[in-house]
Amino acid sequence: MLGLSKKDAGLLAIVAFLCIFAPFLLNPFPEGSAMAQFNAGYPDLMQRLVIFGIFAIGFNILFGLTGYLSFGHAAFLGVGSYAAIWMMKLLTMNVVPAIFVSVLVAGLFSLLVGWISLRRSGIYFSILTLAFAQMSYALAYSVLTPITGGETGLQPKYTDPRILDGALPAGQSPRANLFGLDMKATTELRLGDWVFTFNAGYYIAAATMLLAFYLSIRIFRSPLGMMLRAVKSNQQRMNYTGLNSKPYTLAAFVISGMYAGLAGGLLVAMDTQVGAERMFWTASGEVVLMTILGGAGTLIGPVLGAGFIKYMENIVSKINETVLEQWFAFLPDGLSDAMVAIVYPFVGKGWHLTLGLLFMMVVIFLPGGLVEGGQRIGRLFRSKKSEPETPDGKTTPAE
Amino acid sequence: MGILEVKNVGKRFGGLQALGNVNLSIAENSVHAIIGPNGAGKSTLLNVLVGKLIPDTGSVMFDGQSVLGRKPYEINQMGISRVFQTPEIFGDLSVQENMMIPCFAKRDGAFAMNGYGSITSQQDMIDKAEEMLVNMKLADKRHMHAAAMSRGDKRRLEIAMCLAQDPRLLLLDEPTAGMARADTNNTIDLLKQIKEERDITIAIIEHDMHVVFSLAERITVLAQGTPLVEDTPDKIKGHPKVREAYLGESQDAA
Amino acid sequence: MDAILLQILNGLDKGSAYALIALGLTLIFGTLGVVNFAHGALFMIGAFCAVTFSKLLNLSHTIVDDSRKDFLGNPMKIDVPYLHEFFGQAAGDVIIDWAVPLSILFAIPVMIGIGFAMERGLIKHFYKRPHADQILVTFGLAIVMAELIKYFYGANPIPTPAPAAFAGSFDFGALIGADPNTIIYPYWRLVYFCFAAVIIGAVFAFLQFTTFGMVVRAGMADRETVGLLGINIDKRFTVMFGIAAAVAGVAGVMYAPINSPNYNMGMDFLVLSFVVVVVGGMGSLPGAVLAGFLLGILESFASMAVVLEFIPGINQIIIYLVAIIILLTRPRGLMGRKGVMEE
Amino acid sequence: MSFSNLTRRGLIKTGAVAGAGLALPTYLSAAAHSGFTNAPQGDTVTLGFNVPQSGPYADEGADELRAFELAVEHLNGMGDGGMLQTFSSKALDGTGIMGKKVQFVTGDTQTKSDAARASAKSMIEKDGAVMISGGSSSGVAVAVQALCQEAGVIFMAGLTHSNDTTGKDKRANGFRHFFNSYMSGAALAPVLAKAYGADRKAYHLTADYNWGYTTEEAVRSSTEALGWETVNAVKTPLTQTDFSAYIAPVLQSGADVLVLNHYGGNMVNSLTNAVQFGLRDKMVNGKQFEIVVPLYSELMARGAGANIKGILGSQNWDWKLEDQLGARYSGTNAFVQSFGTKYGFPPSQAAHTCYVQTLLYADAVTRAGSFNPCAVVEALQGFEFDGMGNGPTLYRADDHQCFKDVVVVKGKENPENEFDLVEIVEVTPADQVTYAPDHQQFAGGSLGTCNPGA
């Protein structure tokens, strides 16, 4: 199906299912219940989950396949975002040209950075990419303020020229759209106590993510993918087998840069603003964490990792003392206070602490990331059925 | 005129003259061994031949074309394949994939942006890899992780990968170093078989005299960066200078 | 001319901080082969050792003064440090004033303890794991350390002044015949520079002249061989980790008066110190020190008003620009060895 | 405190149709009939408080959050009522807002515009917040203000000092109570001229981003108008921690005043460094060398410790105002009393502005009789009020900026405790810091029209 093996097609189908039914899956708790705090089925977070999924999928094409650890990928996301917002300011609020140009510009920028950085390998390569990204961030925040908006970033204004769009009716703020379909258009479905939100922007982002995921499967299974894994495995042998590893790694670098640009463009399409912080080194570090947390070199790992971290950032950070008090209100007074005191350091403003601990846990106990965790659980079930697995699994990257 | 002509090659590392003034001619379709004590410059010479090092002086011609200044992959594409002392294979990939990579390199050249079609749709490449695997008795291991194989199998795989490119010159760098006697003999047999089956020139750098004298048609003895003598194995065995410089001390080791 | 002299002075001082951090980082990397992203956090914890120690010195009991009112109109509560009671007001104040230098004595055992615990409890299990895993786990640890400090000390910087004796600045200009006030430098920064020089010298002497150091150096060069000699290199490496942590820690202690410590200062230094280490060459101790001073001086030059007029924004990127240029012209940094961290 | 229902939607269930019913397509899930985003349903209304909880401004965020909680308490009729007693408008009666009990949700801006928007969007989309407030930097304020404009909710800015927030980036749905760079310059300049003389040479160190630019411009133009000369202005990176390389050349330049256009961590470090260099002990041009910090932040000043002694700066408000300058600043004591009683220490100006903004919003809704953002905008535009601690204040219709007195303060020589860091030097009356809406430092923006969302 679609030129994929049965297994890969199955994987794609699972991801498609998750994307389509995310509004249900992420909103498992009825409105107003104490657990509703954990619902993530609102447009902004759903959009972020898939967009950062794209970012991580792209990063994985570079890091997972070739092993080159870039510490500057956020720069490509940022450059893509700036390109997109300028398209929206100058040309049209339609997201198509914005996203197209963001991919293009990020691709060109990554070509330049990659061409220089790939002269070195190992940590030297990492530091070179980091240096480029930090320079981009520092300049965007300060001297490039006329182009980037600096500290305040850029947002579309109704006074922008926008040569393809007609003048806005009075009182309207410019809205990102796809040939007239507003990114914020939302439909709600009420089923008893449950409310499910369907958002146009989310589905466009999700469709893009599916396409990006599909392309990444194609790349993984292609001769190019094999060559990239060969780069990671043994560059020496590669060079002595008549293969030039440079253009291969550069291709991977540019492809992943374009994925980052796509993510950046989509971020702007969903939420029309850019800030320089999205190029800061911690943002580059975040995509590394997403990829490794999910499982580097696996197809679905980066998507899981991205989802996991963004969920933490957006949900756990919003649990404040009041919410905790409400959760534990059913307990006797002293006990409820004690529970609040125990849990409080880990949620709300302490969410970074939880994140740090989780990283450590995953790296220590699940070196292959969440995917390995899933596989272990899977094996647990399979061994109950006592069906011996063929040792085939190792030759292709695990899902 | 041999297929490989090395003329007046010299290479200096700081104060050390690694290669003095090397002249070497390897005839097409011959098996040529290069021997010499440690530090004689064998590895340096090999690295010059494959493009890893650029000599200070002299020229290296392969089939009438200079190899100097070319990158290793370009030299490989000219038809020179190298087998390493410790097998260099793609340990993270399956044996089958290891086998397919040189097939692709042969067909598509040094770089091809082949990122969309699936490998499984490249039936000709799969067939060619399979043929080599069967030939090398590795077919039953095709789905194995290459790193998980025994050392002897890795060596066979590496040689098979080099042969898959149909090289005109195969360079072997101590192919039996650290092997048990049985594995060494297997390797000798394998190389003999290869030589019988195809038109190929083999240059071999070796410590093990047993291997050298079983295979080589001509032998060059290197000492202190310069060729001492070059002759047939029988002549080399009796050569006094060689005994003095090399064999006397290494017979115990061999 | 004066301006250039001043910036060299400045750069040496700035560079000594970079060099100290990079030194510890390289020590850990060179001996253990571990990329320690928590090294900045160790520096930060060192600075908070100074904070903690001065808080300890300021431990007080509260007396209520009915004659004065606080902002809500309640009787004023006044804190009296126990030290005042033990030693009298004057002597107590002197001790409190010297809290930062004194806290080195407090920081060294604490940092060595943290270093041991970290190495035995966590890092040990990561020697054979990929560098990416090491980076991730130590990064996670750095976050945890920073958040714990934030939990107990808050996010605000905490003023930790140097002893009053070191307040003010020294006039070099007067010394060399320039106009007064043109080349001035704070006393405490001079102290920091000398302190850094002593620590760097001590670490080198330790590695150079003790048997322990020789074994460690041999281990840095070729771990397996030294292991084969039957020397328990692991134990020595644990000790080295403790020493590296202590170096980072005391660097942090002495830095506290220069910039008020806050929980995030480790992250601020992390990227920079990695750039320094890589520019110096992974695994090279002299390289780390050299790169620290070099980058410190260049950063100082880039911040001069005349330079900024010429190239706006150069001060924002100078460190990274230099790192790129050095790495492109010298593939393994200034003094790096081949084959280290290039896989 | 107990909030039985955290989200707005929890209350819909009584009226919700059992079984499936597909609602009409709406924007941002507003109830379609109400005509504006997140119209409160049932008997509660949800406000979103978006403050930095991680990063360098976390403590300032925490103080803002305390003020918000206090404001909600007072709106709901709990506690002592705080400024409700002194507020000139008497529309609020302690029964929530228009009879609806006030609930709130919180989020972490991380002092990053992206994270702040994500957090605000989650409050709007998930929790149904009808107003967003808070923040501790202008980058965040501008980004969230633009978001609120698009989404159709009201933004009541927290601590944001850049001219841009109500200048080139102003929005109809956004309101700022806090003062701005221009006002700091206008208020400080005469005090500086009086204290240090009109013949001074100033050296500016400026944080290299928007807020720094506007502050430098404001202070420069105001001081130069009074006769000062600007010797040099050097931009410093936001990520800088050690400012020695920038401070060392100051004396060589012949300047006798150093102006630190820095905020937060930058300010703590640059000021600490400058004092270390002994600048304040020097005599230049026959005058005592002085340092000026245009925008004071009490929480950050605490980080600079003794280094702030004697240094002039400006503030939006100070907790000692009413005690020292009398009833003109009524409301101050009421707020300090309830804040101090609840938390044990006096509030910061960040806390004050957040508290006031919440009450002002609630009051505007009540006076307008509707949560509709356009009605609220109308009620706030040109609104004159008093009793909120700043004296008589105007919310100007042209740019949604509050105009009120500006406090000029000086680091205290002998602080009694860690909260008593500054002393009030002078209060510059509102008319001296008022500027024309089209003043060139604020040019380039336009409010547009209010957006009620769906």
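**View 1. Contacts and overall dimensions of chain D.** Of the contacts in chain D with a separation of 6 or more, 72% join residues 24 or more positions apart; two residues are in contact if their C-beta atoms, placed from the backbone, lie within 7 Å. This is a predicted model, in which local features need pLDDT of at least 70 and side-chain atom pairs count only at pLDDT 80 or more, while totals for chains, interfaces and linings use all residues. Residues are numbered from 1 along each chain as its sequence is written, chains are lettered from A, and ligands are numbered from 1, in the order in which they are written. Chain D has 13 helices and 19 strands; these are DSSP runs numbered from the N terminus, helices being H or I of at least four residues and strands E of at least two. Along the principal axes, the C-alpha atoms of chain D fill a box of roughly 80 × 40 × 35 Å. The radius of gyration of chain D is 22 Å, which agrees with the value near 22 Å for a compact globule of 454 residues (taken over C-alpha atoms; the globule rule is 2.2 Å times the number of residues to the power 0.38). Buried residues make up 69% of the 454 residues in chain D; a residue is buried if 20 or more other C-beta atoms, placed from the backbone, lie within 10 Å of its own, exposed if 12 or fewer, and partly exposed in between.

**View 2. Surroundings of D:Pro237.** D:Pro237 lies in the loop between strand 9 (229–236) and helix 6 (244–247) of chain D. D:Pro237 counts as buried because it has 20 C-beta neighbours inside 10 Å. Leaving aside residues up to four places away in sequence, D:Pro237 touches A:Ala138, A:Ser142, C:Asn315, C:Gln316 and D:Asp208.

**View 3. Helix 11 of chain C.** In helix 11 of chain C, 15 of the 16 residues are buried. C:Gly281 follows the helix and has a positive phi, near 110 degrees.

**View 4. Chain C against chain D.** In this interface, 39 residues of chain C are in contact with 39 residues of chain D. Helix 1 of chain C gives the largest share of the chain C side, seven residues.
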